[in-house]
Amino acid sequence: MRAMLAAPPSTRAAACAGLARGCSRARPVAPARRAVTVRAADEPASGGAGQQALSRRALVGLIGAGAAAAAAAGGAARAEGDVRVGASVVRTDEEWRALLSPGQYKVLRQAGTELPRTSPLNKEKRRGTFVCAGCGARLFPSATKYDSGTGWPSFYAPLDGAVVESSDLSIPFMPRTEVSCRACGGHLGHVFDDGPPPTGLRYCMNGLALSFNPEGESAGEAARTGGAGYVFLAGSISGVAEGITIQPLEMLKTRFQIHAGEHLRIIPTIKDIVAEGGVAQLYRGGAPEILGLIPRATAALSTLELSRRTFRSWHDGHLTPGYAYLSGALSGVTEGVAFAPFQVVKVRLMAKEHLGRYRNSAHCLRELLRAEGPAALFIGLAPTLLRNCIWNCIYYGSMHQIEHHHLPRLENRGADALRQLGVGTAVGIAATTCNAPFDVVKSRFQSELPGQRRFTRVLPSLVTIAREEGPRALYRGFVPKALRLGIGQSVGLIMFENLLIAFGAAADEDAGS
């Protein structure tokens with residue numbers, strides 16, 4: 001083993017690649033799903049020398065975790081946009097910054113090191129090939145991946161000619177062997193001599209430097225479909241969290257919007273609502289709202305994520321600004337259709353003029369269907385679609401641009417979540433200034449009973465409200481609405497993204513960066 005590590009890098013890479021090809025051919029066919037056993041068929045059995053290697057790898061993991069910050073600082077010494085000699089994929093520093101997320105740029109172009117146990121690729125068990133996240137070059141077959149216990153994706157051999165090895169003296173008194181992508185020169189990680197048979201080597205890679213292509217799928221297909229079931233599950237869980245968080249603000253917003261008289265104020269309105277039925281009255285109509293947020297968030301966030309994956313597959317795995325905003329608008333369409341019936345029931349229950357008419361959500365739904373028919377569940381669909389498409393386009397498009405090109409993720413996840421919540425609330429307030437008039441019209445549509453309807457078309461309704469009640473009326477309930485959307489959607493988005501990471505289903509551009 002030590003003789004192999006001491007050999008010239010080109011000789012060692014060729015020898016490892018030959019072993020990788022042999023292991024790949026000998027590997028038995030396995031179902032394309034997550035493995036449920038600790039040791040795959042092609043991994044070495046534990047015991048004896050393997051036990052010593054495991055304890056040694058665990059020690060290296062502890063040392064590596066402490067040295068990660070030092071490695072990142074040492075990587076700063078590399079010139080920005082550094083191009084390795086012999087690299088066939090050459091781009092300027094500006095091009096790399098535009099192509100990569102901040103986390104990927106830090107690792108691939110500045111030799112940074114990600115924190116251990118943060119990469120979704122640690123959980124990747126399917127057959128396929130790990131490729132460079134910068135240029136797409138094939139690097140490691142899945143047959144050579146194993147759990148090293150260090151917290152970084154680890155392999156015992158690369159593909160023939162895929163990587164370049166060189167001396168790394170960036171950390172004093174800790175000489176290491178750096179591993180880079182031969183095609184683009186991007187920094188991948190380091191190789192150590194404490195790996196398993198047959199090579200005895202451990203290629204310790206940064207997950208941000210890699211992407212995974214499952215066997216039988218192109219990179220585009222993998223990007224579009226990977227973990228789709230987890231995407232829907234993460235969306236539904238996020239919807240419940242959002243609904244519980246913002247329901248009192250939703251009650252205030254609705255009361256403000258359907259009140260045609262003098263403009264209401266927040267504190268007196270809260271007191272009136274509590275006087276009607278106690279603190280629980282703030283959650284009246286909450287059941288359809290929270291239940292409705294499950295399909296709403298599932299539809300919106302799944303459409304957002306899957307459309308982004310599709311658009312990335314059209315542009316070498318990266319999302320352009322135009323498509324970032326378009327994916328947000330598309331999520332508004334599915335959100336509006338999925339959420340409209342629940343909104344009608346919610347508005348009827350929350351309207352002050354309907355107090356005593358409906359006992360609960362189920363009774364309201366039955367009366368609605370009996371008196372007005374199934375079509376009543378989609379009253380106000382047009383302003384709902386306009387409201388959602390405008391807001392989602394601005395919010396999700398802007399958040400993507402801010403997070404991936406202006407504010408790199410913080411290493412402390414709690415601090416990063418708080419910052420994302422603050423930024424998301426500010427962006428949500430800005431987006432609300434653009435869609436608030438359509439939300440007022442939607443609430444007016446949905447609160448009216450048959451025979452009472454004055455508002456039936458969107459643009460004439462906007463004109464009528466502005467003429468009779470003044471332009472300010474189009475922004476009734478703006479404060480609770482802006483807070484409800486900014487805080488609620490940010491809570492949902494933060495939970496959604498972290499659930500995808502926890503499920504190992506995050507898209508490569510977003511995962512951990």
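Is phenylalanine 140 buried or exposed? Phenylalanine 140 counts as buried, because its relative accessibility is 0% and the cut-off for buried is under 20%. Keep in mind that this is a predicted model.

Now look at the ring's partner. Phenylalanine 140 forms an aromatic pair with phenylalanine 155. Phenylalanine 140 sits in strand S2 (residues 138–141), and phenylalanine 155 sits in strand S4 (residues 154–155). The pair thus ties together parts that are 15 residues apart in sequence. Both rings belong to one aromatic cluster, made up of Phe130, Phe140, Phe155, Tyr203 and Phe212. The structure holds 10 aromatic pairs.

Step back to the whole chain. The chain has 15 helices and 9 strands. Of its 513 residues, 52% count as buried. Take the contacts with a separation of 6 or more: 73% of them join residues 24 or more positions apart. The accessible surface is about 21800 Å², and carbon and sulfur atoms account for 63% of that.

Next, find two helices that pack. Two packed helices are described by the angle between their axes and the distance between the axes. Helix H13 (residues 413–447) meets helix H14 (residues 458–469) at about 95 degrees, with the axes 10 Å apart. That angle makes H13 roughly perpendicular to H14. H13 contributes Pro437, Phe438, Val440, Val441, Arg444 and Phe445 to the contact. H14 contributes Val458, Ser461, Leu462, Ile465 and Glu469. By class, this contact has 8 nonpolar, 1 polar and 2 charged residues.

Note on methods: Residues are numbered from 1 along each chain as its sequence is written. This is a predicted model: local features need pLDDT of at least 70, side-chain atom pairs count only at pLDDT 80 or more; totals for chains, interfaces and linings use all residues. Side-chain values use heavy atoms; hydrogens and water are left out. Axes are lines fitted to C-alpha atoms, for helices over the stretch in contact, and angles run from 0 to 180 degrees between N-to-C directions. Helices (H or I, at least four residues) and strands (E, at least two) are DSSP runs, numbered from the N terminus. Angles under 35 degrees count as roughly parallel, over 145 as roughly antiparallel, 65 to 115 as roughly perpendicular and the rest as oblique. Contact means heavy atoms within 4.5 Å. Ala, Val, Leu, Ile, Met, Phe, Trp, Tyr, Cys and Pro count as nonpolar, Asp, Glu, Lys and Arg as charged, and the others, Gly among them, as polar. Buried means under 20% relative accessible area, exposed over 50%, partly exposed in between (1.4 Å probe, protein chains only). Accessible areas come from the Shrake-Rupley method with a 1.4 Å probe; for residues, only the protein chains shown count as cover. Rings of Phe, Tyr and Trp (its six-membered ring) pair if their centres lie within 6.5 Å; planes under 30 degrees apart count as stacked, over 60 as edge-to-face and the rest as tilted.
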